[in-house]
Amino acid sequence: MNNADNIQKRNMRILVSPMAAMAETSGPSSRVKALVEGFRDAGFEVATCMAEDVNYKKIDGVKNYFLDVPMPMGLPGFIAKRTFPVAQKLGVTSKKTVNSFDQVLRFTGNLDYKYLKKSVASVRKAIREFKPDAVYSEFNISAIIAARKEKIPICASVSYPTQHEYAHDSKLTGGLNRLLGGLALPRVYSALQLFDWADMRFCPSIRELEPIEELKGFPEDSEEICYCGTFKKLSGERQQKADTPKNKVLVYMGNGTVPAVKTLEVMKEVFRDGKYEVYIASSYLEEETIGNIHVAHRWDFSKLLDESVLFINHGGQNSIVDGLLHGVPQLIVPGKVFERIYNANSVADNGAGVMLSYTDFDASHIGQLADEITCSESMSDNSYNLGQKLTLAGGVDAIISELDG
């Protein structure tokens, strides 16, 4: 089924619906904000169907339709709300091995039959009330199912590591196929095949980093995927490298496999009293300054990255893109998460950084690699060039252009 030609070109109505989760993750919510504001500024009428979970931020002037919040592993709400925050704070969730995106969907509760039934009904209700010309799914499988059932054209964000052909777990389709069968929709071998139902697919990256056509066996001149680059807008045009003196190292390990306390210990051992000012961002550490080592819950990444020679991070999509946009080579420790491992390999394969196993996260390995990376002019150049391509791909404007035809 392909409804792309049925999408009205201007003054269209778009319902944007991101994947929901109890876990803190800034990616979907930040992309949705950029999408919605971009659509609105282009003259589209836009609404969201977004769960008011921990990541929710109201967008001024935009109506939000109700979407249910999934409970991790499909646990009863009263249990999940008590146990999950504790598990997240203790780092239990970050130590789990995740091999595919459908395992993420299962862990977050998005594949639970009861949740699917409720959330698909919620999106269908929003569709009937808002009457959109298209539904945009930001990795929300419930939105894809609802739009398919309501016969509304589907737009969707996609990525290389979330493709069925990259990695999947076919054992997790029980509840999903039960739902699809009840709705008289085709059953799937894995939940990730639902992304192939989209009439228009947008990858917030570039071919160099995520060659999806190669993975799926599309022709070289295929236009099945629109690579729109980053949704982020940098202040001013970055036509040449910033002349800002670079004397900083930025460290952000997020909810990675490496504990925050160990991160601080290793950074002190490697960099303390050295030539670089080191900035560690972590909500799990006390804010303090120890000589040239600075720790805070948050830093202004945009400012610090323009002054950094190295970005040490956990391989999250936002971190990877931030580093490239500012032309900073990266040392990536992805831990046990499939997507972060892919991101780290992709950056390394493009000569813009190095991947390090979490088992080698110690002063000896970090110190050696930090020296190699900061002395590499080619890594700096490659990072900058990839960042330029991410920016020039067009972002939300590229999506709007495709919708305009």
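**A chat about rings and strands**

Guide: Ring pairs link Phe-39, Phe-44, Tyr-136 and Phe-202 into a cluster. Rings of Phe, Tyr and Trp (its six-membered ring) pair if their centres lie within 6.5 Å; planes under 30 degrees apart count as stacked, over 60 as edge-to-face and the rest as tilted.

Visitor: What kind of model is this?

Guide: This is a predicted model, where local features need pLDDT of at least 70, side-chain atom pairs count only at pLDDT 80 or more, and totals for chains, interfaces and linings use all residues. Residues are numbered from 1 along each chain as its sequence is written, and side-chain values use heavy atoms, with hydrogens and water left out.

Visitor: What is the average pLDDT of the chain?

Guide: The average is 89, and 87% of the residues score at least 70. pLDDT is the predictor's confidence in each residue, from 0 to 100. Residues 84–93 stay under 50, and residues 236–240 are also below 50. Where pLDDT is low, the predicted coordinates should not be read in detail.

Visitor: Back to Phe-202. Which way does it point from strand E6?

Guide: Phe-202 points the same way as Met-200, while Arg-201 and Cys-203 point the other way, and all are buried. Buried means under 20% relative accessible area, exposed over 50%, partly exposed in between (1.4 Å probe, protein chains only). Strands (E, at least two residues) and helices (H or I, at least four) are DSSP runs, numbered from the N terminus.

Visitor: And which residues are its bridge partners?

Guide: Ser-157 has Phe-202 as its bridge partner in E6, and Phe-202 also stands opposite Cys-226 in E7. E6 pairs in the parallel sense with E5 over 3 bridges, and 3 bridges join E6 to E7, again parallel. Two strands pair if DSSP finds at least two bridges between them.

Visitor: New topic: how many aromatic pairs are there in the whole structure?

Guide: A search finds 13. One of them is edge-to-face because the rings of Tyr-166 and Tyr-342 have their planes at 80°, with centres 5.6 Å apart.

Visitor: Is Tyr-342 buried or exposed?

Guide: Tyr-342 is buried, at 11% relative accessible area, whereas Tyr-166 is partly exposed, at 30%.

Visitor: Where does Arg-13 lie?

Guide: Arg-13 lies over the face of Phe-130, 4.3 Å from the ring centre. A charge sits over a ring if NZ of Lys or CZ of Arg is within 6 Å of the ring centre and within 35 degrees of the ring normal.

Technical notes:
Contact means heavy atoms within 4.5 Å.
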